[in-house]
Each structure stands twice: as C-alpha cells, then as structure tokens.
Amino acid sequence: MDNQEINQGRRRFLVLATAGAGGAAALGVATPFAASWFPSEKAKAAGAPVEIDISKIEAGQMLTAEWRGKPIWVVNRTDQQVKDLKSLDGMMADPNSEVDHQPENCKNGTRSIKPNVLVAIGICTHLGCSPTYRPDIAPADLGADWKGGFFCPCHGSKFDIAGRVYSGVPAPTNLVVPPHKYLNDTTILVGEES
C-alpha cells in the first residue's frame with residue numbers, strides 16, 4: 001500500500017511538472033508570434049503611423065518627433081502668434097497655401113486642425129536642410145517684419161509660424177504638413193488622416 005501512495009504522489013508530480021513545462025513552452029512560442037503582429041522599429045521608420053504626446057508642450061514651445069525618417073515638428077503656438085498670421089499674408093509667397101502641401105483638414109489660415117497646434121515636416125523645401133525654430137519677435141538678423149517662425153541658415157529661407165514661405169527667398173513652397181489626426185486632446189497620430 002505504501003508503494004501505491006508513493007507512485008500516486010510521483011505521478012501527480014510528473015503530470016504537474018510536464019503540464020508546467022508545456023505551458024512555459026507554449027508561452028515561449030506565443031510571445032514572438034504575438035509580437036510579430038505589431039510593426040517593428042524598421043517598419044515604423046519606413047512609414048507606419050507614429051503617435052506623439054503633446055501634453056507637455058507649453059505655449060510657444062516646439063517638440064520634434066520622427067516619422068518616415070523625417071523630423072516632425074509640433075509647435076504649440078501662442079494666441080498672439082496665431083493672431084499675427086493674417087498680418088503676414090502680404091509677405092508670403094503662397095499665403096493661402098494653394099500648393100498642395102497639406103491635407104484637406106489643414107487647408108485654412110493656420111494650416112492646422114487646431115489653430116494653436118502646427119504639425120509640419122521640418123525640412124526646407126529648397127534643398128532639404130533643417131530650418132531652426134525662431135519663435136522670437138523681430139530679431140535684428142531676420143528683419144522687423146519677423147513675428148516668429150522658422151529660418152533656414154543654409155540659404156536664408158524664412159517661414160512663418162504656420163510654415164508658409166516668405167516671398168523672395170530660395171525656398172519655392174511652404175513647409176509640408178503631413179497627414180495626421182488627433183486620437184484625443186493630447187495625442188496626435190502622424191501618418192493617418194481623420
């Protein structure tokens with residue numbers, strides 16, 4: 001009788017150990033399989049949509065992210081910067097953004113979905129340099145008409161705070177606004193339109 005009790009205990013132990021090992025093996029196989037459903041970092045860089053958290057950008061500040069290997073600028077414009085846009089129309093090469101460099105939902109005076117938030121690709125339309133963000137008002141080197149925006153030091157192209165190009169500079173067109181949408185008040189998805 002003692003022999004049967006020992007064998008039963010041993011049997012239970014072996015069944016549980018085998019089930020545990022099988023469960024661990026199944027989890028080991030399932031994890032990479034489930035991970036394959038999500039885009040890799042390489043796929044994201046190739047064009048998968050990118051989420052950007054804008055909750056910490058204060059008024060007047062800019063955040064840079066990356067999508068398709070390009071810098072994506074998100075600028076939280078001040079109310080004054082938004083008001084100043086209309087006064088700059090006469091100095092812009094394409095004030096109404098007639099060249100198709102923005103999605104349909106951004107074809108407006110601010111070139112954005114929400115007036116205070118600009119989303120743009122941070123590459124100059126002249127030769128592909130990366131302009132610098134110059135939010136300051138009227139620095140001596142940019143002229144008295146400057147109300148903040150982007151300056152490309154390579155060849156002197158200037159863009160206003162909506163990414164519109166000034167007349168008479170080398171850049172031929174406005175900065176490109178990528179397709180994007182809001183997932184909520186603080187998250188933007190770049191790469192998809194609503």
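**Rings, charges and cysteines**

Mentor: Let's begin with the rings: there are two aromatic pairs here. Keep in mind that this is a predicted model.

Trainee: Okay, which residues make the stacked pair?
Mentor: That's Trp73 and Phe150, with 4.6 Å from centre to centre and 15° between the planes.

Trainee: And where do those two sit in the fold?
Mentor: Trp73 is in strand S3, residues 70-76, and Phe150 is in strand S6, residues 149-152. The pair therefore ties together parts that are 77 residues apart in sequence.

Trainee: Is Trp73 buried or exposed?
Mentor: Buried, at 3% relative accessibility. Phe150 is buried too, and its value is 0%.

Trainee: What about the pair of Tyr133 and Phe150, how are the planes set?
Mentor: The planes of Tyr133 and Phe150 are at 40° and the ring centres are 5.6 Å apart, so that pair counts as tilted.

Trainee: Which strand holds Tyr133?
Mentor: Strand S5, residues 132-134. Since Phe150 is in strand S6, this pair links parts 17 residues apart in sequence. Tyr133 has a relative accessible area of 17%, and it counts as buried because the cut-off is under 20%.

Trainee: So which residues form the aromatic cluster?
Mentor: Trp73, Tyr133 and Phe150 form one cluster. Phe150 is in the stacked pair with Trp73 and in the tilted pair with Tyr133.

Trainee: Switching topic: what sits over the ring of Tyr182?
Mentor: The charged end of Lys114, 4.3 Å from the ring centre. There's also Lys158, whose charged end sits over the ring of Tyr166, at 4.7 Å from its centre.

Trainee: Why is Cys124 in no disulfide?
Mentor: Because a disulfide here needs two cysteine sulfur atoms within 2.5 Å, and the nearest one to Cys124 is at 3.9 Å.

Trainee: Is Cys124 buried or exposed?
Mentor: Buried, with a relative accessible area of 4%. Cys154, on the other hand, is partly exposed at 42%.

How values were computed:
Residues numbered from 1 in each chain as written. Predicted model: local features only at pLDDT ≥ 70, side-chain atom pairs only at ≥ 80, totals over all residues. Heavy atoms only, no water. Buried < 20%, exposed > 50% of the residue type's maximum accessible area, 1.4 Å probe, protein only. Phe/Tyr/Trp six-rings, centres within 6.5 Å; stacked < 30°, edge-to-face > 60°. Helix = DSSP H or I, 4+ residues; strand = E, 2+ residues; numbered from the N terminus. Lys NZ or Arg CZ within 6 Å of the ring centre and 35° of its normal.
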